[in-house]
Amino acid sequence: MSDGDLNNTFQALCDDLKKLPEGHPSKSAAQEATRDGIAAMVEALMNNDVKATGLKALQGKMWKAGYASGEIKGHIYDDFVPTLQWCHSQNVQVYIYSSGSIQAQKLLFGNSKSGDLLKFLSGHYDTTSGPKKESNSYKTIASSIGVDPLEITFVSDSEGELVAARDAGIGNVIMSIRPGNVPLTSIGKGFPAVHSLLQVCGN
């Protein structure tokens, strides 16, 4: 990274840390941080699973270098490509909303183990549209797409995200169950569930 990139990254990470509530375990990293302490700041945020915009932007830059070299290929589930193909054939628009930055999303899907999948995707959203566990974020995205929230199907493996989407009025909110996922609580069990994205597709 250039000096300018380092300075921008340092400031973005400081902003991420300062936004955390008092007493958050990652907070102390901001108090002693210097530009040379970027690694410690990143570690503090990642160790506590903080979904922060600055952190995700940095990850995006790192992934860009890896994808450009061919060292990294985007992991996708085996049902993802046939699901995209079905949606494309039925004129169903597919959008990605992820805690990963838009840049990182495009890198992953543009350099997946199944090739470039960007042609199947209508758009991308990240935490610049709002946190994934806040209902207003889903309202913002629906407005951006230009559709009634009731027309949207949202699939996630996160109970908190599904609750937020439901509270925002999203029409179809579906739990995705994958091997290795966190066990569902009574909240998660209250949502319709699929074990494959192909179950969302029609005949």
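Predicted model: local features only at pLDDT ≥ 70, side-chain atom pairs only at ≥ 80, totals over all residues.
Residues are numbered from 1 along each chain as its sequence is written, and side-chain values use heavy atoms, with hydrogens and water left out.

Student: What is the order of the strands in the open sheet of three strands?

Tutor: Strands here are DSSP runs of E with at least two residues, and helices are runs of H or I with at least four, both numbered from the N terminus. Two strands pair if DSSP finds at least two bridges between them, and β3 and β4 meet this with four bridges in the parallel sense. The strands β3 (153-156) and β5 (193-194) each have a single partner strand and stand at the edges, so one side of each is left without a neighbour in the sheet. With parallel pairing, the order is β3-β4-β5.

Student: Which residue in β4 is the bridge partner of Ser156?

Tutor: Ser156 is also in contact (heavy atoms within 4.5 Å) with Ser176, a residue whose contacts beyond four places in sequence include Asp157 and Val194. Ser176 lies in β4, which covers residues 172-176, but the bridge partner of Ser156 in that strand is Met175.

Student: Is Ser176 buried or exposed?

Tutor: Buried means under 20% relative accessible area and exposed over 50%, with partly exposed in between, using a 1.4 Å probe and protein chains only. The relative accessible area of Ser176 is 8%, so Ser176 is buried.

Student: At about what angle to β4 does helix α8 run?

Tutor: Axes are lines fitted to C-alpha atoms, for helices over the stretch in contact, and angles run from 0 to 180 degrees between N-to-C directions. Helix α8, residues 159-167, lies across β3 and β4, and its angle to β4 is about 175°.

Student: With which residue does Arg178 form a salt bridge?

Tutor: A salt bridge is a side-chain nitrogen of Lys or Arg within 4 Å of a carboxyl oxygen of Asp or Glu, and the count by this rule is four. Arg178 lies in the loop between β4 and β5 and its partner in the loop between α4 (53-69) and α5 (80-89), so the pair ties together parts that are 99 residues apart in sequence. Arg178 is buried, with a relative accessible area of 12%. The closest N and O atoms are 3.0 Å apart, and the partner is Asp79.
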